[in-house]
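Here is a note for a colleague who is new to reading structures, arranged as numbered points. Please keep the sequence and the model open while you work through them.

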Amino acid sequence: MALQAAALVPSAFTIPKEGKSSASLKDSTLFGVSFSEHVKADFSSSALRCKREYNQRNGAVRAQTTASAPSVTRAAPEGKKTLRKGSVIVTGASSGLGLATAKALAETGKWHVIMACRDFLKAERAAKSAGIAKENYTIMHLDLASLDSVRQFVDNFRRSGRPLDVLVCNAAVYQPTAKEPTFTAEGFELSVGTNHLGHFLLSRLLLEDLNKSDYPSRRLIIVGSITGNTNTLAGNVPPKANLGDLRGLAGGLNGLNSSAMIDGGDFDGAKAYKDSKVCNMLTMQEFHRRYHEDTEITFASLYPGCIATTGLFREHIPLFRLLFPPFQKYITKGYVSEDEAGKRLAQVVSEPSLTKSGVYWSWNKDSASFENQLSQEASDVEKARKVWEISEKLVGLA
Ligand code: NDP
Ligand code: PMR
C-alpha cells in the first residue's frame with residue numbers, strides 16, 4: 001500500500017532513475033489525493049535536444065556571461081581570515097524555517113542577521129520570542145510580491161553600510177486551496193511572482209554586493225524542495241511540477257492575455273508553488289554556471305526536510321493541518337522540527353565543509369548532509385537558461 005511505500009523512504013528519498021521507481025504505489029486518497037496514476041515515466045526527449053542546442057550555443061552564452069558579470073573588484077582575496085561577524089540576509093525570517101535559521105545563526109555569535117520581512121511588527125515579535133539577542137539582528141522591510149519593494153530594500157540595505165556575505169532566499173507562499181489566481185503588484189501570479197520572480201530580482205541585484213564582500217566564503221542560497229523534484233515519491237504527488245514550454249511565464253503570468261501558470265495551463269495553486277520551487281532550483285544552477293568561476297561565490301539550494309508545522313500550510317484545510325505533521329512524522333518519516341531545519345540551513349550558510357557550488361543539499365536519516373540529485377526538469381540546462389532570460393525581462397533587467 002502507498003503509505004507503506006512512503007514509510008520505507010527517508011526524508012530525502014530519491015528514485016534513482018527518473019520515472020523508473022521500484023516503489024510500488026497503489027491508489028491512495030489520503031488528503032483527497034489519488035496519485036498512483038501520476039507516477040509515470042517523466043522522460044522528456046526535448047531535454048536531450050535542448051542540451052545539445054545549449055552545447056552548440058555554449059560559446060555565445062559564456063561570452064554574454066562575461067559581459068554581464070558585475071564589474072566589481074573584490075576587496076580581499078578568497079581565503080583571507082577575518083574576525084568580523086558575517087552579515088547574512090534571510091528573506092521571510094518572521095516564521096518557520098527563516099526564523100529558525102536566523103536564530104541558529106545568531107546564537108553562534110558569529111553572524112548578524114538581516115531579517116528581510118514584509119511584516120515588521122510580526123518579525124520583531126518573532127525575533128523577541130525566539131530569544132534572538134538584539135545586537136545580532138536587524139529587521140528590514142521587504143515585500144517580495146512587489147518589485148518596487150525589492151528595489152527599495154536593496155537601496156535601504158546599501159544605505160545601511162553593512163557588507164553582504166550571504167544571501168538566503170527563503171520566503172515563500174503556498175496557496176493549495178485557491179480557486180482563482182491572485183497577483184503581485186506587477187500582475188504576476190502570486191506564488192511564482194513571490195517565490196521566484198521577487199527572489200530573482202533580489203539576488204540579481206545583490207550579487208554585486210556579495211561580490212564586494214571580503215568575507216572568506218560568500219554564498220547565495222535559494223531554498224528548494226523535494227515536492228518540485230519528480231524523481232522522488234513526494235514529487236509525484238499530484239499536481240506535479242511541470243514548467244512545460246514556459247509559454248505562460250513568457251506571457252507574463254497575468255491571467256489575462258496569458259495563463260497564470262508557467263506551462264500555460266489552468267490555474268492550480270499547489271502546482272504553481274511546486275513550479276516556483278523548480279524555478280528556484282534552476283535559478284541557483286544558472287547562477288552557478290554564469291558566475292561561480294568569475295566570482296567564486298558559492299551558489300546552493302537545499303531541501304531541509306518536511307517542516308510540517310510551519311506557516312506554509314496556513315491556507316490548507318484544517319484537516320490537512322491536523323493530519324500532516326503526524327503523517328510526516330510516523331508514516332513517511334520525512335518530518336523535521338523547525339529547529340532542526342534551521343540548523344540545516346544554517347550549515348549551508350556557514351559550514352566550511354559546504355562550500356561546493358551548484359549543489360542541492362539534503363540530509364539523511366542521521367541528519368548528515370549529502371549532495372542530492374535533482375529531477376530531470378529541475379536540472380535541465382536549457383530550461384534554466386530560458387527561465388533566466390524570460391525572468392530577466394519580466395523583472396525589468398533586460
Ligand atoms: P512559513 O510560512 O513559516 O515562512 C514563509 C516566510 O515567507 C514567512 O516569513 C512569510 O512572511 C514570508 N513571506 C511570504 N510572502 C512574502 C512576501 N511577499 N515578502 C516577504 N516575505 C514573504 O513557511 P516555511 O518556513 O515552511 O517556508 C520557508 C521556505 O522553506 C520556503 O521557501 C519553502 O518553500 C521551503 N520549504 C518548506 C518546507 C516545509 O515542509 N515547510 C519543505 C521544503 C521547503 P509572514 O510571516 O509575513 O507571512
Ligand atoms: Mg508529501 C517520502 C515521502 C514524502 C515526503 C518526504 C513528503 C514531503 N511527502 C511524502 C509523501 C506523500 N505526500 C504522500 C505519499 C502523499 C499522498 C498521501 C503526500 C501528500 C502531500 C500533500 C497533499 N504531501 C504534501 C502535500 C502538501 O500539500 C504539501 C505540499 O506539496 O506543499 C507544496 C506536501 C509535502 N510533502 C512533503 C513536503 C516537504 C511537503 C511540503 C512542502 C514543500 O515542498 O514545501
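1. Which backbone atom lies 3.3 Å from an oxygen atom of ligand 1? In this predicted model, the atom is a backbone N or O of Ala172. Side chains also take part, for an N or O atom in the side chain of Lys277 is 2.8 Å from an oxygen atom of ligand 1, and an N or O atom in the side chain of Thr310 is 2.6 Å from an oxygen atom of the ligand. The protein covers 97% of the 900 Å² of accessible area that ligand 1 has on its own.

2. Around ligand 1 there are 32 residues, and the closest of them are Ser94, Lys122, Asn170, Tyr273 and Thr310. Helix 3, which runs over residues 96-107, and helix 8, which runs over residues 269-295, each supply at least two residues of the shell.

3. For helix 3 and helix 10 (residues 338-350), the axes come within 7 Å and cross at roughly 65°, and the crossing is right-handed.

4. On the side of helix 3, the residues that meet helix 10 are Gly96, Leu97, Ala100, Thr101, Ala104 and Leu105. Their partners in helix 10 include Glu338, Ala341, Gly342, Leu345, Ala346 and Val349. Taken together, the residues of the contact between helix 3 and helix 10 divide into eight nonpolar, four polar and three charged.

5. The peptide bond from Pro238 to Pro239 is cis, with omega near 0°. Leu246 is also placed in the loop between strand 5 and helix 7, and phi of Leu246 is near 70°, a positive value in a residue other than glycine.

Notes:
Residues are numbered from 1 along each chain as its sequence is written. Chains are lettered from A and ligands numbered from 1 in the order in which they are written. This is a predicted model: local features need pLDDT of at least 70, side-chain atom pairs count only at pLDDT 80 or more; totals for chains, interfaces and linings use all residues. Side-chain values use heavy atoms; hydrogens and water are left out. A residue is near a molecule or strand if one of its heavy atoms lies within 4 Å of it. A polar contact is a pair of N or O atoms within 3.5 Å; within protein, one must be able to donate a hydrogen and the other to accept it, and residues adjacent in sequence count only if both atoms are side-chain atoms. Accessible areas come from the Shrake-Rupley method with a 1.4 Å probe; for residues, only the protein chains shown count as cover. Helices (H or I, at least four residues) and strands (E, at least two) are DSSP runs, numbered from the N terminus. Axes are lines fitted to C-alpha atoms, for helices over the stretch in contact, and angles run from 0 to 180 degrees between N-to-C directions. A crossing is left-handed if the near helix is turned anticlockwise from the far one by less than a right angle, and right-handed if clockwise. Contact means heavy atoms within 4.5 Å. Ala, Val, Leu, Ile, Met, Phe, Trp, Tyr, Cys and Pro count as nonpolar, Asp, Glu, Lys and Arg as charged, and the others, Gly among them, as polar.
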